[in-house]
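This briefing is intended for reading alongside the sequence and the coordinates. Topics are taken in turn.

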Amino acid sequence: MTETQILIALDAADTRIRQLTKKLNELPQIAVIKNCRAKRKELKGKQDELVDIHDNLQKKIDLLAFEEEKVIAKVNELKNVLNKSSDFRVTKSAQRDMDGQLKRQNTLASEQESLLEKQIKSDNVLNELLAMLEKLDEKENKASEEFKKLGIEIKKQIDEQILIRNECEAQLNSDLLKKYKALKEEKVNAVAVLQDGHCSMCRATFLQGQLAKLEDGPNLTECPMCRRIFIVDSTI
């Protein structure tokens, strides 16, 4: 290969690497995976809130149940007093206390029932949320598998182009390669070709006198307008 051909091949390899990398980074599966992870983070936050709600409700239910046990014990104690005592004043006082305890027992049972209903509702929402998380996992796993399959093929093509680029760089003289790399840092494409009287990159059109001067000069030069490495005749 001539120096011109090597330079064109090098620029083509770099262009192809850039295109393939863009294709890899823009695979639709990446957006799906990112959306799944963002949604999962949101749902996990809600899950934590619901778990806290469940735990707080359970603590309240446990406290009410503990108090209810004490109330029941007190009621049983008062029943024994009523069964054993024949003293009117004692039985009257015990009956009054038991009525209060029974009222409190009913209140505690009602409060527990209300809290249990709230807990069941929050648990139902939590179960729905867990089902959504499971579907998200399935969706992300599917997208990940698809990405791996497509990504492996694209990465294989990128590696092939990198090999071509390395081979081309090894064949170019050091000064030209240095200039090429410097231009690559400034511009997307470092190489331009004379096509139908204009630069293939910046599209600048050259007058007849300029064309004659370019054609009479070295085949590898510099575009007067965009300063890229300029190939006058790409067939040489």
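Leu194 belongs to strand β1, residues 191-195; strands (E, at least two residues) and helices (H or I, at least four) are DSSP runs numbered from the N terminus. The model is predicted, so local features need pLDDT of at least 70 and side-chain atom pairs count only at pLDDT 80 or more, whereas totals for chains, interfaces and linings use all residues. Residues are numbered from 1 along each chain as its sequence is written, and side-chain values use heavy atoms, with hydrogens and water left out.

- Leu194 counts as buried, at 14% relative accessibility; buried means under 20% relative accessible area, exposed over 50%, and partly exposed in between, with a 1.4 Å probe and protein chains only.
- Strand β1 is mostly covered, since 4 of its 5 residues are buried.
- Not counting residues up to four places away in sequence, Leu194 touches Phe206, Leu211, Phe230, Ile231 and Val232, where contact means heavy atoms within 4.5 Å.
- Leu194 and Ser234 are separated by 40 residues in sequence, yet their C-alpha atoms are 8.0 Å apart in space.
- Strands β1 and β4 (residues 229-231) run parallel and are joined by 3 bridges; two strands pair if DSSP finds at least two bridges between them.
- Ala192 has Phe230 of β4 as its bridge partner.
- Strands β1 and β2 (residues 198-199) run antiparallel, with 2 bridges joining them, and Leu194 stands opposite Cys199 in β2.
- The hairpin of β1 and β2 has 2 residues between the strands, and Asp196 in this hairpin takes a positive phi near 50 degrees.

**Asp14 in helix α1**

- Asp14 is found in helix α1, which covers residues 3-25, and counts as buried at 9% relative accessibility.
- The side chains of Asp14 and Tyr180 are joined by a polar contact of 2.5 Å. A polar contact is a pair of N or O atoms within 3.5 Å; within protein, one must be able to donate a hydrogen and the other to accept it, and residues adjacent in sequence count only if both atoms are side-chain atoms.
- A polar contact of 3.3 Å joins the Asp14 side chain to that of Arg165.
- Residues touched by Asp14 are Arg165, Tyr180 and Lys184, not counting residues up to four places away in sequence.

**Helix α3**

- Helix α3 comprises 84 residues (88-171) and should span 124 Å at 1.5 Å a residue; its end C-alpha atoms are 118 Å apart, which agrees. The expected span is 1.5 Å times one less than the number of residues.
- Asp87 caps the N-terminal end of α3, with a side-chain oxygen 2.9 Å from the backbone nitrogen of Arg89.

**Salt bridges**

- Side chains of opposite charge can pair when their charged atoms come close.
- The whole structure holds 14 salt bridges, each being a side-chain nitrogen of Lys or Arg within 4 Å of a carboxyl oxygen of Asp or Glu.
- Arg40 and Glu140 form a salt bridge with their closest N and O atoms 2.7 Å apart. Arg40 lies in helix α2 (residues 28-84) and Glu140 in helix α3, so this pair ties together parts that are 100 residues apart in sequence.
- Both Arg40 and Glu140 are buried, and a network of salt bridges links Arg37, Arg40, Asp137 and Glu140.
- Glu145 pairs with Lys148 in a salt bridge, at 3.9 Å between the closest N and O atoms. Both residues lie in helix α3, 3 residues apart, or about one turn of the helix.
- Glu145 is partly exposed at 44% relative accessible area, and Lys148 counts as partly exposed at 47%.
- Glu26 meets Lys22 in a salt bridge of 3.0 Å, N to O, and Glu26 is exposed, with a relative accessible area of 51%.
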